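Subject: Structure handover

Hello,

Here is the structure for your files. My notes on it follow below.

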Amino acid sequence: MSNSRQIDVVTLQMGGERIAIPAAFLREIMEPVQVTRVPTANAFSEGLINVRGSVVPLTDLRVPFCMSAAEATPDTRFIVLDLTVGDTPMTVAISADKVDTVTPLDPDQIAPIPEVGTLWPPDYVRGICKLGGDFVLLPDLHRIFQDFSALGDHRKDFSK
């Protein structure tokens, strides 16, 4: 029996963690392209990329989750997302070590992160769940992009 409340999520790997992003946000998954660095940009904003003729900011979710930087591998992909932050629609890209699959998720399986034993900043996590025997992190993309984008407080120093 199918649960009509299920949502499809894209699972990916980043910094040794498995992460799930609602597929409804997904515009496309692409192989890495040339990144144009932006002077004085913070660590979250890796630079700008060309996506089918549009300039799209490439961001690094490792920064809000305090993960170490990683070198690109043959599995690295850019995930282009359409989000609304506040009242502002935006297209952004994130870098992933590897994209796994699209899978259904029952929202009732999402649990809050434990208060002890995790290093993830709770403000940036919607919850965790188990998929295929692994714990999967569900980031709060709206909060992350609100805090780390130019729409948030751009005076914050996220490089530490």
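In which strand does Thr11 lie? Thr11 lies in strand β1, residues 7–14. Before the rest, the ground rules. This is a predicted model, in which local features need pLDDT of at least 70 and side-chain atom pairs count only at pLDDT 80 or more, while totals for chains, interfaces and linings use all residues. Residues are numbered from 1 along each chain as its sequence is written, and side-chain values use heavy atoms, with hydrogens and water left out.

**Overall fold**

The protein chain has 1 helix and 10 strands. Helices (H or I, at least four residues) and strands (E, at least two) are DSSP runs, numbered from the N terminus. In sequence order the pattern reads β-β-β-β-β-β-β-β-β-β-α. The radius of gyration is 15 Å, close to the 15 Å that the globule rule gives for 160 residues, so the chain is as compact as a globular protein of that length. That radius is taken over C-alpha atoms, and the globule rule is 2.2 Å times the number of residues to the power 0.38. The C-alpha trace spans about 50 × 35 × 35 Å along its principal axes.

**Surface, contacts and charge**

Of the 160 residues, 41% count as buried. Buried means under 20% relative accessible area, exposed over 50%, and partly exposed in between (1.4 Å probe, protein chains only). The accessible surface comes to about 9200 Å², and carbon and sulfur atoms hold 50% of it. Accessible areas come from the Shrake-Rupley method with a 1.4 Å probe; for residues, only the protein chains shown count as cover.

Contact means heavy atoms within 4.5 Å. Take the contacts between residues at least 6 apart in sequence: 55% of them join residues at least 24 apart.

There are 14 positive and 21 negative charges, and their mean positions are 2 Å apart. Lys and Arg count as positive, Asp and Glu as negative; His and the chain ends are not counted. Each charge is placed at NZ of Lys, CZ of Arg, CG of Asp or CD of Glu.

Leaving aside neighbours within four places in sequence, Thr11 contacts Arg18, Ile19, Ala20, Val99, Asp100, Thr101, Thr103 and Leu131.

Ile128 sits in strand β9, residues 125–131. Ile128 is buried too, at 10% relative accessibility. Not counting residues up to four places away in sequence, Ile128 touches a list of residues including Gln109, Pro112, Trp120, Phe135 and Leu138. The C-alpha atoms of Ile128 and Leu138 are separated by 5.7 Å, with the two residues 10 apart along the chain.

**Loops and cysteines**

Most residues other than glycine have a negative phi. Arg52 has a positive one, near 50°. Arg52 lies in the loop between β4 (45–51) and β5 (54–59). Arg52 counts as exposed, at 73% relative accessibility.

Cys66 also has a positive phi, near 55°. Cys66 lies in the loop between β5 and β6 (77–85). Buried or exposed, which is Cys66? Cys66 is exposed, at 64% relative accessibility. Cys129, by contrast, is buried at 3%. The disulfide count is 0, where a disulfide is a pair of cysteine sulfur atoms within 2.5 Å.

Best wishes
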